[in-house]
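Here is a friendly walk through one protein chain, written for someone who likes to see the cut-offs next to the values. Have the model open as you read.

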Amino acid sequence: MNVIEEVLKHNKSYAQGFTLGNLPMPPGRKLAVVACMDARLTVEEMLGIKTGDAHIIRNAGGIVTEDALRSFIISHHLLGTQEFMVINHTDCGMLTFKDEELRAKLQQQSGTATVVPVHFHAFSDVEENVRQQIQKVKSHPWIPKHIPVRGFVYDVKTGRLTEVFT
Ligand SMILES: [Zn+2]
């Protein structure tokens with residue numbers, strides 16, 4: 001059985017016991033998080049939040065991309081979130097390559113250059129990367145200055161979050 005068939009089978013029993021059908025759309029804890037997509041991070045578990053509590057935006061690296069900014073702006077202005085977190089982590093795959101090397105490799109393998117993605121957003125210093133992401137959120141003119149934007153590194157060995165101060 002392939003994995004998609006396996007997870008669809010799980011969903012059948014999940015839906016049979018489903019009790020969350022009446023949650024409101026706005027996140028109950030008024031929190032929005034951007035986090036790396038790394039499979040070792042279970043954001044809800046590490047933060048003690050539940051379905052309906054928060055917006056969780058995930059991508060490779062936990063990068064504040066244009067799309068993450070789009071989501072934060074919608075999250076705050078249309079759905080009422082009031083605090084933002086950026087979560088990167090130790091042993092991130094984004095520390096293992098350079099944008100230009102990956103681009104050159106993929107161009108060579110495929111025989112084609114592409115317009116997108118413009119950047120892969122690889123980085124070499126996770127704390128510095130978190131600072132840059134916080135800065136991108138805080139400097140956006142459509143994100144009010146009173147919104148706390150705090151950044152963290154999650155340790156995949158201990159489960160602990162350590163705050164990165166700007
Ligand atoms: Zn990662």
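Ala 113 counts as exposed because its relative accessibility is 54%; exposed means over 50% relative accessible area, buried under 20% and partly exposed in between, with a 1.4 Å probe and protein chains only. Ala 113 sits in the loop between helix H4 (99–110) and H5. Its C-alpha atom is separated by 12 Å from that of Glu 100, 13 residues apart along the chain.

A word on the ground rules: this is a predicted model, in which local features need pLDDT of at least 70 and side-chain atom pairs count only at pLDDT 80 or more, while totals for chains, interfaces and linings use all residues. Residues are numbered from 1 along each chain as its sequence is written, and side-chain values use heavy atoms, with hydrogens and water left out.

**The chain as a whole**

There are five helices and five strands, arranged along the sequence as α-β-α-β-α-β-α-α-β-β. These elements are DSSP runs numbered from the N terminus: helices are H or I with at least four residues, strands are E with at least two. Buried residues account for 34% of the 166 residues. Taken along the principal axes, the C-alpha atoms fill a box of roughly 50 × 50 × 35 Å.

**The zinc site**

The zinc ion has three kinds of entry to check in your viewer: Cys 36 (SG), His 89 (NE2) and Cys 92 (SG) are its protein donors, lying 2.0 to 2.3 Å from it. Donors here are N, O and S atoms within 2.8 Å of the metal (3.2 Å for Na, K and Ca), and sites may look incomplete because water is not among the atoms. Along the chain the donors follow the spacing C-x52-H-x2-C. Cys 36 in strand E1 (residues 31–36) and His 89 in strand E3 (residues 83–89) are 53 residues apart, so this pair links distant parts of the chain. Both Cys 36 and His 89 are buried.

**Core and aromatic pairs**

The largest nonpolar core has 36 residues, and Val 33, Val 34, Phe 72, Phe 84, Ile 87, Val 137 and Ile 143 touch the most other members. Such a core is a set of buried Ala, Val, Leu, Ile, Met, Phe, Trp, Tyr and Cys residues joined through side-chain atoms within 4.5 Å. E1 gives the largest share of this core, six residues.

Val 137 is in contact (heavy atoms within 4.5 Å) with Val 64, Leu 69, Phe 72, Phe 84, Ile 143 and Val 149, leaving aside neighbours within four places in sequence.

Rings of Phe, Tyr and Trp (its six-membered ring) pair if their centres lie within 6.5 Å; planes under 30 degrees apart count as stacked, over 60 as edge-to-face and the rest as tilted.

| Pair | Type | Centre to centre | Between planes |
|---|---|---|---|
| Phe 72 and Phe 84 | stacked | 4.2 Å | 15° |
| Phe 97 and Phe 120 | edge-to-face | 6.4 Å | 75° |

Phe 72 and Phe 84 are both buried, whereas Phe 120 is partly exposed at 21% relative accessible area.

**A buried threonine**

Is Thr 81 buried or exposed? With 0% relative accessibility, Thr 81 counts as buried. Its place is the loop between helix H3 (66–77) and E3. The side chains of Thr 81 and Ser 75 are joined by a polar contact of 2.6 Å.

Definitions and conventions: Polar contact = N/O pair within 3.5 Å; in protein donor to acceptor, adjacent residues only side chain to side chain.
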